[in-house]
2 protein chains.
Amino acid sequence: MPQTGDKDGPRTLQTVSMASQVLMTLKELDGAGVTELATELDISKSTAHIHLTTLVENGFVVKQNGRYELALKLFAVGEYVRSQNPLYRHGKDQVDELADKTGQYVHIVTEENGRAINLYQVKGDTSVSGTYQTTKPQQRDYLHYTASGKAILAYLPEQRVREILNRHGLPGRTANTITDSEVLFEELENIRERGYAYNDEEEIEGFRAIGAPLQTPDGDVLGSLSVSGPASVLQGERFEETLPEEVINSANIIEVNINMSNRS
Amino acid sequence: MPQTGDKDGPRTLQTVSMASQVLMTLKELDGAGVTELATELDISKSTAHIHLTTLVENGFVVKQNGRYELALKLFAVGEYVRSQNPLYRHGKDQVDELADKTGQYVHIVTEENGRAINLYQVKGDTSVSGTYQTTKPQQRDYLHYTASGKAILAYLPEQRVREILNRHGLPGRTANTITDSEVLFEELENIRERGYAYNDEEEIEGFRAIGAPLQTPDGDVLGSLSVSGPASVLQGERFEETLPEEVINSANIIEVNINMSNRS
DNA sequence: GAGTTTTGTTCAATATATGCGAACATATAA
DNA sequence: TTATATGTTCGCATATATTGAACAAAACTC
């Protein structure tokens, strides 16, 4: 059958799509052997083999003690991609500064294909130490249960928000996670009125956050800046006045930095 | 002709190799349009187009204001790859600590396909501020003109070192860069005797470094740990005694951490 | 803001690269 | 050692990638 029944929309190269799946499967499985991969993707061993060989030849996969694993080249490429990102380039210093000032976690987040990408994060020195950073950083990257994510959603065209919800849904995480789209839209309305977003233990029990959007002069969201920490610290006036102000301030500075760099 | 004249060694999927080239070309060009890419890779516009479309479908490329660029998904994948790396997992904390202690730059470096990969780096607070970090971090990643790189080469089997030299050569950077392979092999001998490597302005004028290998109990090199800073600071007893000791100490701790995690 | 050039996208046809299974090779287990 | 699983190579049939040409949409130009 030509171009398998998939309703892929545009015509695509199946071999390349398979190669992409191979990469993502190696990520899922933390590396794999030929047979394992073939089973997982439901292809023949020979096909799995030639895919892996090709990816090795191109440096995206390495064969390490008998297993095929994603290569560090991907890390190098990824670093390049981040370094090209304007939000990262012009926001990094402010993140460092804000983390210093607040002592909490500070993140710069952006959105791609409806998912959150953590461009840069720093742990201020009064924020939870002792709580170990899990090795798998929570790259679970939904937008609806973080302050950064909601700050982005709030300033995205409603149409796009609906698309994202259809695509990714609103999975729950804690008792406070917003899992109903009507509730979410009300929340986004509140965020727009307020100018920044709260996360009140919606992702992790005991963790709160404040997130402000980063926008272009004509109102497009580029991403967001957030501060997060234990609910015991982010509370009272600090949570309602001081921190929001500081986050907004830093966000404004980043916005200015970006605009400056766009003038020639 | 089946499998074009290329002497690729093993049989590979040309479509996938082309897709890889597309990705790397987008990196080289900092993004490109369809025609530009087609010209660069000497393929038809339609082929370039379907490749790009496929990579977009798979999330590795995004179309941003009319140009195709590498997607942040690659950054996310790259972060995952790094997080899986034992050297990073068990070395990061030591890097932070050593940067604190010395006040200089500290790097953890490893090798892949004969090139250096900077797994993690931190700038201690007394190291050059004012000198701006260039936006393109010097991911030029040759092994022969850095302390980290030479520390790795010194403990790699000579056969592999020769392969690497054949593959990548010994391009010069400063007046001090070693560009002759015989000189390099002598230097590697010295490093083995000493137990650590020096970089005396071989990469950047005015910059020195000290690098120690990170090895498994049976002598395989996993990577290296290095401290670097201005030649005006890295000099005298500090350069010859104190810092080497501190680097070696930290390196040993990392080695132990890794071994611990391999038991059971 | 019409005309012109460049760039992006779609399509049908054909040659060819891809995916498969079977056979062989190598590694691991019993 | 034999047995079992895993990895690798090969030839073949057929699905599929590449192409050029035609069309569409931008982007300049004046």
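Which residues have the most contacts inside the largest nonpolar core? They are A:Leu26, A:Leu70, A:Leu225, B:Leu26, B:Leu70 and B:Leu225, in a core of 106 residues. A nonpolar core is here a set of buried Ala, Val, Leu, Ile, Met, Phe, Trp, Tyr and Cys residues joined through side-chain atoms within 4.5 Å. Buried means under 20% relative accessible area, exposed over 50%, and partly exposed in between, with a 1.4 Å probe and protein chains only.

This is a predicted model, in which local features need pLDDT of at least 70 and side-chain atom pairs count only at pLDDT 80 or more, while totals for chains, interfaces and linings use all residues. Residues are numbered from 1 along each chain as its sequence is written, chains are lettered from A and ligands numbered from 1 in the order in which they are written, and side-chain values use heavy atoms, with hydrogens and water left out.

Chain A has 264 residues, of which 52% count as buried. Its C-alpha trace spans about 65 × 50 × 40 Å along the principal axes. Nine helices and seven strands occur in chain A; these are DSSP runs numbered from the N terminus, with helices (H or I) of at least four residues and strands (E) of at least two. The chain is divided into domain 1 (14-76) and domain 2 (85-262), with bounds from an automatic or database domain assignment. The centres of the two domains, taken over C-alpha atoms, are separated by 34 Å.

Helix α1 of chain A covers residues 14-28. Its 15 residues should span 21 Å at 1.5 Å a residue, and the end C-alpha atoms are 20 Å apart, which agrees; the expected span is 1.5 Å times one less than the number of residues. Among the buried residues of α1(A) are A:Val16, A:Leu23 and A:Leu26. After the helix comes A:Asp30, with a positive phi near 55 degrees.

Both A:Leu23 and A:Leu26 are in contact (heavy atoms within 4.5 Å) with A:Leu70. Leaving aside neighbours within four places in sequence, A:Leu70 also contacts residues of chain B, namely B:Val77, B:Tyr80 and B:Val81.

Chain A also holds an open sheet of five strands in the order β4-β3-β7-β6-β5, with antiparallel pairing. Two strands pair if DSSP finds at least two bridges between them. The edge strands, β4 (115-123) and β5 (197-200), each pair on one side only. Within the sheet, nine bridges join β6 (residues 207-215) to β7 (residues 221-230) of chain A. A:Gly211 stands opposite A:Ser226 in β7(A).
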